[in-house]
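Subject: Structure handover

Hello,

Here is the structure I promised to pass on. My notes on it follow directly below.

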Amino acid sequence: MSRGTRTPWWAPYLFIAPFAVAFCVFTAYPLFESIVMAFLQTSGPKRSEYVGLSNFSWMWEDPDFHKAVRNTVIFACGSIFIQLPCSLGLALLLNRPDIKGRAFWRMIFFAPSLVGLAFVAILAGLVFEKNTGLLNVALHQVIWFDPEFPWLQEYVMPALIISAFWMYVGFNMVYFLAALQNVNTDLLEAAQVDGAGPLHRFRHVTIPAIRPVATFVILLSLIGSFQLFELPYLLLNNSGGPDNQGLTIVMYLYQKGFDWGDLGYASAVGWVLALLLSVFAIIQRILSKTEVA
Amino acid sequence: MAMKRSILGSGYLSPGSAIVMLIAAVSTVVVLVWPIEKRQGLEFWTFSKTHSQMYAEQLKTWNAQADAEGAHPRVNLFVIDMTALVRRTLSSFWADTPVADMIEVEGNTIGRYVAGPLEDVGFVDLTDLLQEEGIYDLVNPPSFSLWTSRGRVFGLPHDVHPVMLCYRADIVEEAGIDVSEIETWDDFARVLAPLIKDLDGDGRPDRYLLNTWYTNTEWIEPLMLQAGGGTFDESGELIVASKANALVISTIIHWCFGEGRIAIDAPEFSPAANHLKIEGRVVASLMPDWLASTWKNDMPQLSGKLKLMPLPAWEPGGRRTSVYGGTMIAIPKSTKNFDEAWAFVKHLYLSEELAEELYRTTNIITPVRRYWDSDYFNEPDPYFQGQAPGAMYIALAPDVPPRTSSPFRPLAMTRIGEAINDLRKYAQANDIYEVDGLMPEALRLLEEAERRVRAEMSRNVFLTEVTP
């Protein structure tokens with residue numbers, strides 16, 4: 001090949017340049033800036049004062065931050081301990097060859113995840129309303145339930161968990177359905193021949209086979225839960241709701257940074273959130289390695 | 001042999017990629033050279049469509065004069081969603097992005113604009129101008145309080161927003177009850193008690209006397225202000241742990257729970273809650289002047305069934321009104337046309353035409369006192385059984401309590417909300433629902449709330465001075 005036909009040395013750099021520039025401007029620089037900002041108190045971007053570690057130390061005392069963390073953890077627990085087992089249960093059910101209309105049912109359960117979070121928030125508002133909300137009215141008719149049951153006043157997190165459950169249970173079901181395709185049927189049949197019951201087969205054959213996907217889904221749900229924002233923000237009318245019962249970490253970060261201009265404290269909250277998520281990711285990685293071993 | 005290759009057609013790019021690049025290049029050029037229509041004159045932002053409709057006629061005249069005589073620039077009005085308006089205005093203060101020459105500001109958002117040092121507030125300080133031009137004397141004094149920060153006024157008030165009590169006259173009169181016996185909130189609960197009813201026979205009352213709830217702090221604040229409490233006093237002192245606030249929050253819990261329950265949760269702007277009001281499950285609601293027109297639009301079925309009366313007082317001889325909501329017009333410091341903008345602001349907000357239009361369209365009474373004798377305020381309103389709401393609100397206007405623009409007000413209200421919630425838990429745990437029994441715990445919880453607010457205030461390195 002002659003020299004003239006060779007790709008110029010600068011060609012790869014030229015092609016990655018658009019991404020590199022965008023990455024530096026919109027990701028790397030803001031990331032660096034947010035580290036610096038976490039040690040400042042700001043009144044909008046124009047005015048700032050160095051406050052050392054005070055943003056981080058205040059987080060230990062800040063009742064709203066504690067509430068936001070507690071609410072977010074409750075929501076994450078709801079996602080992992082209620083939503084994901086139900087997704088797995090649905091996947092197991094709809095994976096059975098003897099279920100008629102499996103494709104239809106899969107579509108039905110998956111359909112809510114096609115709806116945007118904004119719509120879910122609006123629907124949830126109608127469902128959980130006192131006196132006239134669909135849930136209270138229906139339960140009042142059926143089991144004489146208190147029509148004034150205060151979902152959005154005193155039971156905000158359960159209402160949020162139920163709303164997210166409706167939206168995501170089918171979505172996560174699809175992951176588990178895909179994982180269940182990888183379960184070796186020969187192993188299942190062999191276990192059955194050896195006298196293993198359905199529970200034993202599930203525990204000793206199915207779970208090990210779907211574990212990598214399950215770990216991944218758990219991590220995704222955890223990260224998604226810790227980034228919860230739109231649902232409570234819209235459902236509770238741009239606020240944390242009564243007594244900040246629906247305040248999440250990201251909502252709190254948003255309020256502090258963009259409503260009140262304290263970008264320094266918001267950055268510090270953001271870094272604590274990033275740290276928490278990193279811990280979860282590391283745990284997931286360790287668990288994955290353990291499985292492989 | 002060295003080969004010369006062009007980018008297109010040499011194999012560097014596939015035909016598809018070449019087309020995409022070409023489209024990108026052409027569209028970039030089109031976007032760059034596309035002519036943008038530049039509006040001549042001043043820009044005016046409001047968050048309210050109703051306001052924009054009210055101003056339409058005045059703007060038309062103003063702009064016609066501008067075109068014909070050229071004495072002043074045209075004004076272009078834009079309605080911008082509240083959240084977007086606040087975000088864009090704050091962006092302009094923080095990052096010098098373009099902003100209008102005049103902006104209407106809603107009461108709940110003022111704290112955000114004055115959250116930094118005084119010199120960082122992005123609106124022009126109008127204090128001296130208002131004094132020099134005698135505008136202070138024209139306007140109802142309490143109307144300035146919400147727009148005043150650290151003694152400086154940043155806008156011209158649009159309204160007064162006194163609060164009255166709106167009640168279902170049809171239900172009250174059918175029961176033979178005379179509301180003139182009601183002077184205090186205790187009278188209110190006692191006199192109207194026979195109206196609490198189980199309407200559907202399920203053994204639970206469905207109709208209650210007052211639309212309020214312990215979680216709805218937005219509507220509890222006017223009650224605290226009426227009682228002489230609130231978040232900050234006129235000198236900027238934090239008064240969260242005041243006896244007046246303790247009385248109000250204890251009473252709210254008493255109203256919402258236990259044997260003495262009289263309250264129902266039917267929030268405004270909710271179709272479901274409006275349904276409760278139409279069904280007659282809510283006997284009375286707090287009603288600032290602006291809410292009257294909202295009810296007329298949203299619940300025309302209630303026409304002729306309602307009446308207004310002054311709020312019951314917290315003690316005999318006490319204040320019979322409160323205040324809720326508010327708007328001002330402000331001029332950003334970044335405007336290059338301050339004199340023209342100020343001339344328009346005065347023309348619009350101080351004009352008699354607007355005062356009349358304001359009342360006729362929205363039931364809002366003007367803060368400009370010289371118009372309070374106008375006939376239209378005395379016109380009977382069939383929605384309120386022929387009462388003249390304008391005159392009734394005006395009678396109460398001088399007595400509306402002053403408010404604070406402190407950026408810490410929302411924080412203080414959040415802490416008060418937590419105290420109310422804790423008081424509710426205390427009441428339910430100990431089965432104590434009487435006001436006297438709740439007062440000591442209410443005071444203790446409010447003291448704790450105040451301590452937390454102080455801790456958070458002391459953390460702010462930019463606002464170390466008193467912030468009324």
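Chain A is divided into domain 1 (3-37) and domain 2 (59-292). Those bounds come from an automatic or database domain assignment. The centres of domain 1 of chain A and domain 2 of chain A, taken over C-alpha atoms, are separated by 37 Å.

Two notes before you read on. This is a predicted model, where local features need pLDDT of at least 70 and side-chain atom pairs count only at pLDDT 80 or more, while totals for chains, interfaces and linings use all residues. Residues are numbered from 1 along each chain as its sequence is written, and chains are lettered from A and ligands numbered from 1 in the order in which they are written.

**One residue in chain A**

Look at Arg70(A). It sits in helix 3 (residues 63-94) of chain A. Helices (H or I, at least four residues) and strands (E, at least two) are DSSP runs, numbered from the N terminus. Arg70(A) is partly exposed, because 14 other C-beta atoms lie within 10 Å. The cut-offs: 20 or more such atoms within 10 Å make a residue buried, 12 or fewer make it exposed, and partly exposed is in between, with C-beta atoms placed from the backbone. Arg70(A) and Thr248(A) lie 178 residues apart in sequence, yet 8.2 Å apart in space, C-alpha to C-alpha.

**Chain B overall**

Chain B has 18 helices and 12 strands. Its C-alpha trace spans about 100 × 60 × 50 Å along the principal axes. Of its 468 residues, 45% count as buried. Among contacts in chain B with a separation of 6 or more, 74% come from residues 24 or more positions apart. A contact means C-beta atoms, placed from the backbone, within 7 Å.

**Strands in chain B**

Strands pair if DSSP finds at least two bridges between them. Five strands of chain B form an open sheet, in the order 9-8-10-7-11, with mixed pairing. Strand 9 (263-264) and strand 11 (306-310) of chain B stand at the edges with a single partner strand each, so one side of each has no neighbour in the sheet. Strand 7 (residues 163-168) and strand 10 (residues 282-288) of chain B pair antiparallel over five bridges. There, Leu165(B) stands opposite Leu286(B).

Strand 12 (residues 327-330) of chain B is worth a look too. Thr327(B) and Ile329(B) point one way, Met328(B) and Ala330(B) the other, and all are buried. Four bridges join strand 12 to strand 3 (residues 102-106) of chain B, antiparallel. Val105(B) stands opposite Met328(B). Two bridges join strand 12 to strand 6 (residues 156-157) of chain B, also antiparallel. Leu156(B) has Ile329(B) as its bridge partner.

Best wishes

Key: Contact = placed C-beta atoms within 7 Å.
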